[in-house]
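I opened my notebook to keep track of what I looked up here.

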Amino acid sequence: MELCLDQVSKSFGEGRKASLVLDRISFTMQTGQFVAFLGSSGSGKSTLMRLVAGLDQPSSGSLSLNGQPIRKPSAERGMVFQKYSLYPWLTAAQNVAFGLELQRLDKQEIRDRTAFFLQVVGLSDWAACLPRQLSGGMQQRVAIARALAAKPQLLLLDEPFGALDLQIRESMQEFLHDLWCRTGLSILLITHDIEEALLLAQQIHILAPRPGRIVRSLVVEHDGSDLAGLRLSRPFLNQRQALAAEMRQLDRPLA
Amino acid sequence: MPSLNLPLKRQLQTLLLKPWALGLSGLILLFGLWAAVAAAAVVDPLFLPSPWAVLAAGQQELAAGQLWTDIAASLMRVLGGFGLSALVALPLGIAMGSSTTICRLLEPLLALLRYMPAPAFIPLLIIYFGLGELPKILLIFIGTLFFNALMIMDAVKFVPPELLETALTLGGHRSDLLTRVIAPCIAPQVLDAYRINMAAAWNLVIVAELVAADAGLGKRISLAQRFLRTDQIFLGLIVIGLIGLLIDLGFRFLMRRSCAWAN
Ligand SMILES: Nc1ncnc2c1ncn2[C@@H]1O[C@H](COP(=O)(O)OP(=O)(O)O)[C@@H](O)[C@H]1O
Ligand SMILES: [Mg+2]
């Protein structure tokens, strides 16, 4: 898998009211990589994600996956949203099976994959529950299982834990990290949470707002075998603080 | 004996805390008041018939088979007119909710028609279709179509775009969205719209029958007026109210059964 964005810009509106939201974004990522986009809210993160998902078209520039231009949404790029991530009228298992039914797989295959991916996210016992009976963290795990069940080449996560309580968010981050280590998924994560990006991603692109543009890309190198410990380690905290200062600087011209 | 009284009081208290308890006591209170005023004979029974007079009128109409004929006549008109309206409003509302073009084309028109009181169409309908069943059914149809369609349109517009887009990123086609996402998502609101607008249909059938009909609950009331039979008028009103309530409860039941997720 290779995702390649080349000079991608996006503006909304026409003529004088047009506003540039993304300004010449270029980057590539390969199979198995965990890449994060870090930016404050309004910096165009979701817009970028929608372009990669194929839900929207760029105003200029090009996006491609494995050399094929991205034109429309497809199961090869699975997406998890922050809100309304599950179908509230379907049980957890039915939610996971949803995409497989859309792809018209045969019944046995659907049943097997659903059971398997519910187990992958640790929710086999909750298969028959409606989303409203699940906690926010569980709901996002089901949404991730549903995306994974469609066997995407690339998983797109748009602030998937943004609406969760701090503690649940931490455990979900550990869950996601563990999932990535186990499965070798390619993950593109969008977040405004510096700690989250630093903990999980191998590569971080920092997005400055108005218009959204990559101001710096950094490669993260630390031992991810113990996230809870890493969170509190000195080098990590220093790096996090430096990044926070840098992010504040980007928002300064606004104030 | 306070030791015996206490649990009784408790029981009464917990009973009163039930959601339906207060509503029921209000009803009982009203009936009690009615019976008391009627028994005291302070109001001319011509204006205020006693509950037992109304009951007697009911027994009489039941025995003559009149009540069932009237109920059936009114019910058939409501079912015909409202059924037609529900059937047309569903695709219309969905089309308006999912296509900006169709919405822009039709919304001002529907909004205008909505403000024309349906009963004002009665003279036209009578001129076009005479005094039979068709004008009554059509009256209910036009009187509820626009409300149904606009409410369904709103429901479709409020389907979270994330739910639609998730389906697309899972390998769904645009043609899957209507049946797999939009339909189940709006089902509770559609049922609720039908429940609310059913009340309007029930009002309109009575209005139509007051003008011209050979049977029906509204017809019975207007006949009773001619003979100063206030007991029959009261009976008609109560039966109309009860049937309306039953239909409402029916919709609520349907909703609870089929859309448990939305409660
Ligand atoms: N469909 C749209 N039409 C017009 N403006 C939009 C649209 N989508 C996003 N924007 C604008 O783009 C900017 C970035 O939005 P978004 O990508 O949602 O940011 P983020 O996800 O980083 O919070 C915002 O100022 C928003 O108002
Ligand atoms: Mg966003």
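**Entry: the ligand site.** I listed the residues around ligand 1 and got A:Phe12, A:Val21, A:Ser40, A:Ser41, A:Gly42, A:Ser43, A:Gly44, A:Lys45, A:Ser46 and A:Thr47. I kept in mind that this is a predicted model. Next I looked up backbone contacts to the ligand's oxygen atoms. A polar backbone atom of A:Gly42 is 2.7 Å from an oxygen atom of ligand 1. For A:Lys45, a backbone N or O atom lies 2.9 Å from an oxygen atom of the ligand. For A:Ser43, the corresponding value is 3.2 Å, again from a backbone N or O atom to a ligand oxygen.

**Entry: the antiparallel sheet of chain A.** In which order do the strands of the 4-stranded open sheet run? I read the order as 2-1-4-5, with antiparallel pairing. Strand 2 (19-30) and strand 5 of chain A each have a single partner strand, so they stand at the edges with one side left without a neighbour in the sheet. I then noted what packs on this sheet: helix 1 (residues 45-53) of chain A touches strand 1, strand 2 and strand 4 of chain A. The direction of helix 1 makes about 125 degrees with that of strand 1.

I went through the pairs one by one.

- Strand 1 and strand 2 of chain A pair in the antiparallel sense over 8 bridges. Here A:Leu5 stands opposite A:Phe27, and A:Val8 stands opposite A:Ile25.
- Strand 1 (residues 2-12) and strand 4 (residues 60-65) of chain A pair in the antiparallel sense over 5 bridges. In this pair I found A:Ser9 opposite A:Ser60, while A:Cys4 has A:Ser64 as its bridge partner.
- Strand 4 and strand 5 (residues 68-69) of chain A are antiparallel too, over 2 bridges. A:Leu65 has A:Gln68 as its bridge partner.

I also jotted down a reminder for reading these strands: in a regular strand the side chains alternate between the two faces of the sheet.

**Entry: the turns.** The hairpin of strand 4 and strand 5 of chain A has 2 residues between the strands. Which residue in that turn has a positive phi? I found A:Asn66, at about 55 degrees, and flagged that A:Asn66 is not a glycine.

**Entry: the mixed sheet of chain A.** Here 6 strands form an open sheet in the order 6-7-8-3-9-10, and the pairing is mixed. Strand 6 (77-80) and strand 10 (213-219) of chain A are at the edges, so each has one side without a neighbour in the sheet. The twist averages 20 degrees from one strand to the next. I looked at one pair in detail: strand 6 and strand 7 (residues 154-158) of chain A run in the parallel sense over 4 bridges. In that pair, A:Gly78 has A:Leu155 as its bridge partner.

Where does the cis peptide bond sit? It joins A:Arg210 and A:Pro211, with omega about -10 degrees.

**Entry: a helix pair in chain B.** I moved on to helix 9 (residues 174-211) and helix 11 (residues 230-258) of chain B, whose axes come within 10 Å and cross at roughly 170 degrees. Angles over 145 degrees count as roughly antiparallel, so helix 9 of chain B is roughly antiparallel to helix 11 of chain B. From helix 9, the contact residues include B:Leu191, B:Tyr194, B:Met198, B:Trp202 and B:Ile206. Helix 11 contributes, among them, B:Ile240, B:Ile243, B:Ile247, B:Phe251 and B:Met255. How do the contact residues divide by class? I noted 12 nonpolar, 2 polar and 4 charged residues.

How values were computed:
Residues numbered from 1 in each chain as written. Chains lettered and ligands numbered in written order. Predicted model: local features only at pLDDT ≥ 70, side-chain atom pairs only at ≥ 80, totals over all residues. Heavy atoms only, no water. Pairing = 2+ DSSP bridges. Axes fitted to C-alpha atoms, helices over the stretch in contact; angles between N-to-C directions. Parallel < 35°, antiparallel > 145°, perpendicular 65-115°, else oblique. Contact = heavy atoms within 4.5 Å. Nonpolar A, V, L, I, M, F, W, Y, C, P; charged D, E, K, R; others polar. Near = heavy atom within 4 Å. Polar contact = N/O pair within 3.5 Å; in protein donor to acceptor, adjacent residues only side chain to side chain.
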